[in-house]
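Biologist: Could you walk me through the side-chain contacts and the strand pairing in this one?

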Amino acid sequence: MSDKELTIHIEWDGPHRLDAVGSLVGLADFGVYQIYGGHPVYGNSALLYIGLAAAQHFGHRIPQEQQWLDNRDAGRVEVYVGRLSGSQTPDRRIWRKHIKLAERLLIYAHSPPMNAQKRLASLMRSEEHTSELQSLTNL
């Protein structure tokens with residue numbers, strides 16, 4: 001392993017029902033999460049979103065995202081939670097760095113449709129890009 005190579009181990013747990021994730025408030029309930037549900041293009045049980053619960057427990061962070069209730073299969077939306085795992089527990093600074101890197105890499109590798117939609121929405125709110133993006137959407 002070179003000095004520039006980094007291996008991040010994530011232990012995935014799930015699926016959890018969307019209405020049951022509120023109970024994930026234990027000491028280790030932080031990390032990345034994936035939301036699966038119906039999508040008009042990708043079909044049933046498609047990866048819709050990848051998120052990060054670093055400052056809040058999964059049980060507090062995930063319910064803040066209400067758009068899953070509008071999903072055509074809202075009753076079948078599933079959540080997988082991923083926690084860093086390994087032989088050593090990193091300090092808080094290293095943990096945050098690794099979990100943020102893991103989230104970015106997962107989003108880059110899988111391109112979930114709701115991550116792209118949220119990014120576009122945040123760009124639309126940015127005054128710097130508003131006129132440019134509005135002209136593109138009016139084509």
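**Salt bridges and ring pairs**

Modeller: Arg 83 and Asp 13 form a salt bridge in which the closest N and O atoms are 3.8 Å apart. This pair links distant parts of the chain, since Arg 83 lies in strand S4 and Asp 13 in strand S1 (residues 9-17), 70 residues apart. Please keep in mind that this is a predicted model.

Biologist: Are the two partners, Arg 83 and Asp 13, buried or partly exposed?

Modeller: Arg 83 is buried, with a relative accessible area of 18%, and the cut-off for buried is under 20%. Asp 13, at 33% relative accessibility, counts as partly exposed.

Biologist: Which salt bridge does Arg 83 make with a 2.5 Å N to O distance?

Modeller: That one is with Asp 29, whose side chain meets that of Arg 83 at 2.5 Å, N to O. Because Arg 83 lies in strand S4 and Asp 29 in the loop between S1 and S2, the pair ties together parts that are 54 residues apart in sequence. Asp 29 is itself buried, with a relative accessible area of 9%.

Biologist: How many salt bridges does the structure hold?

Modeller: There are four salt bridges in the structure. Another one of them joins Arg 61 to Glu 65, with 2.8 Å between the closest N and O atoms, and Arg 61 and Glu 65 are both buried.

Biologist: Switching to rings, how many aromatic pairs are there?

Modeller: The count comes to two aromatic pairs. Tyr 33 and Tyr 49 form one that is tilted, with 6.1 Å from centre to centre and 45 degrees between the planes. It links distant parts of the chain, with Tyr 33 in strand S2 (residues 31-39) and Tyr 49 in strand S3 (residues 43-53), 16 residues apart.

Biologist: What is the relative accessible area of Tyr 33 and of Tyr 49?

Modeller: Tyr 33 has a relative accessible area of 0% and is buried, and Tyr 49 is buried as well, with a value of 6%. As for the other pair, the rings of Tyr 36 and Tyr 80 have their centres 5.4 Å apart and their planes at 75 degrees, so this pair is edge-to-face.

Biologist: Now the strands: how do S2 and S3 run, and how many bridges join them?

Modeller: S2 and S3 run antiparallel and are joined by eight bridges, and they form a hairpin with three residues between them. Within this pairing, Ile 35 has Tyr 49 as its bridge partner in S3.

Biologist: What about S2 and S4?

Modeller: S2 and S4 also run antiparallel, with five bridges joining them, and here the bridge partner of Gln 34 in S4 is Tyr 80.

Biologist: Why is S2 largely enclosed by the rest of the structure?

Modeller: S2 is described as largely enclosed because eight of its nine residues are buried.

Notes:
Residues are numbered from 1 along each chain as its sequence is written. This is a predicted model: local features need pLDDT of at least 70, side-chain atom pairs count only at pLDDT 80 or more; totals for chains, interfaces and linings use all residues. Side-chain values use heavy atoms; hydrogens and water are left out. Rings of Phe, Tyr and Trp (its six-membered ring) pair if their centres lie within 6.5 Å; planes under 30 degrees apart count as stacked, over 60 as edge-to-face and the rest as tilted. Helices (H or I, at least four residues) and strands (E, at least two) are DSSP runs, numbered from the N terminus. Buried means under 20% relative accessible area, exposed over 50%, partly exposed in between (1.4 Å probe, protein chains only). Two strands pair if DSSP finds at least two bridges between them.
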